[in-house]
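Dear colleague,

Please find the structure below, handed over for your review.

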Amino acid sequence: MAKIKQISAREILNAKGEPTIETTVILSDGAVGIASVPSGTSVGKYEAVDLKDNDPKRFNGNGVLNAIGSIHKVLTPLLTGLEASNQQQVDKKMIELDATPNKSKIGANAILSVSIAVAKASARSAVLPLFLYLREFVKKDDAPLKIPTPCFNIINGGVHGGGSIDFQEFLIIPATSKKYSESLQLGTNVYFALKKAIESNNLSSLIGYEGGFSPKLSSNQDALLLIKQALEAANLRVGFDMFLGLDAAANNFYNENKYMIRDKSTTLTSKDLIMFYKMVNEQFHLLYLEDGLAEDDWEGWKELYATMSQQTLIVGDDLVATNPFRLSEAISKSALSGVIIKPNQIGTILESLAVCEMAKQAGLKVVVSHRSGETNDDFIADFAVAVSADYVKFGAPVRGERVAKYNRLLSIESQLKSL
Ligand code: PGA
Ligand code: ZN
């Protein structure tokens, strides 16, 4: 049994060149855990607070020295001497100390970095791989552990792609029957086939925040057509070997109850936009649709679910923000069939696990996701396996901060074989 002996934090950069927190926890038996936390770009209003200094003299106000100060001055005395394997107690103490509904006092970035570093150190101390250690905190079922199906974001639009197209993420999703390592290989095949397709259309193959291409196109449908072309070039059958998905991140093109996308010359109501998604499904087999509508458009979400959930997974990201109250509202309104889990939207491992559990109880699919401003920390790969997530979304199969997670899943896949 090891106790928390030392906690220290420092400012590092994330993949967007913005400051974030890296926390190191050392236990009484010498076990060490190091964790760094990501930041979002299209941040929903129901997320916990990613606390920044707002000091314009440093990093455009994005410094995190105040949050780090809280780790040293407030969280360290609170947690030192506690049993590290008691994650519930560690996380609960931080939640109670912050005592705000959105962790705005201490900062979800500060709290989560400590929460994860404690878990990593404790897993080391128990000599367990992190996914097996975290599994201990998950309500048991008899299903064998498996690698979730990866959703590769191969075209970046919206605020991730410099506004080149409206929808934020164009995803390819291999058939769930495929082995993870095979899916990863197919993902890269399509990625490079897409690069060729983009270049053969005299478009730029430069990339956006999550490693997907970000060509300037005149419509969202053109992006889907390019992907279809790439799938054909890679000899994959759409709707059989590989499926299409979208994270529209619709908050970003919603204004005064109307949506605006460049495929249409006039503004759209929720109903009009749902008709557009229906057409996309008929033409491209849309398996997955995340944030198809804005986070407060409940009536629209209910209609989207009623209209499309038979064929398409209706997933809430900004809608739910990994928040148990928002998830419970979405479930009671029959607004979705899947939910995004991003630990930094809520701020502790304990609460992230509880939201996964609530989703599963309601029969929803669980999608564990990275953020656009990632670090090389691969915690979410282990977390996704531990909670038996259905899908993971870690960006394109390129760039260090994205492949850190995909590669960790490769390692877990080979470890699962020997269990
Ligand atoms: P974000 O985007 O990290 O910029 O919020 C990811 C997503 O919307 O899924
Ligand atoms: Zn999203």
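A backbone N or O atom of S42 lies 2.9 Å from an oxygen atom of ligand 1. Please note that this is a predicted model, and that the values given here are computed from it.

Side chains also make polar contacts with the ligand. In Q168, a polar side-chain atom is placed 2.9 Å from an oxygen atom of ligand 1. For R371, the separation between a side-chain N or O atom and an oxygen atom of ligand 1 is 2.7 Å. The protein covers 100% of the 280 Å² of accessible area that ligand 1 has on its own.

Turning to the surroundings of the ligand, 14 residues form its shell, and T41, H160, R371, S372 and K393 are the closest. By class, this shell comprises 8 charged and 6 polar residues, with no nonpolar residue. Both domain 1 (4–127) and domain 2 (149–417) contribute to the shell around ligand 1, with at least three residues from each.

The largest cavity holds about 120 Å³ of space. Its lining consists of 16 residues, and those nearest the centre of this largest cavity are P38, I116, E374, F379 and I380.

With kind regards

Key. Residues are numbered from 1 along each chain as its sequence is written. Chains are lettered from A and ligands numbered from 1 in the order in which they are written. This is a predicted model: local features need pLDDT of at least 70, side-chain atom pairs count only at pLDDT 80 or more; totals for chains, interfaces and linings use all residues. Side-chain values use heavy atoms; hydrogens and water are left out. A residue is near a molecule or strand if one of its heavy atoms lies within 4 Å of it. A polar contact is a pair of N or O atoms within 3.5 Å; within protein, one must be able to donate a hydrogen and the other to accept it, and residues adjacent in sequence count only if both atoms are side-chain atoms. Accessible areas come from the Shrake-Rupley method with a 1.4 Å probe; for residues, only the protein chains shown count as cover. Ala, Val, Leu, Ile, Met, Phe, Trp, Tyr, Cys and Pro count as nonpolar, Asp, Glu, Lys and Arg as charged, and the others, Gly among them, as polar. Domain bounds come from an automatic or database domain assignment. On a 1 Å grid over the protein atoms alone, a cavity is a set of points where a 1.4 Å probe fits but cannot get out, and a pocket is an open set with protein on both sides within 12 Å along at least five of seven lines; lining residues have an atom within 4 Å of a point. Grid points are joined across faces, edges and corners, and a volume is the space filled by probe spheres set on the points.
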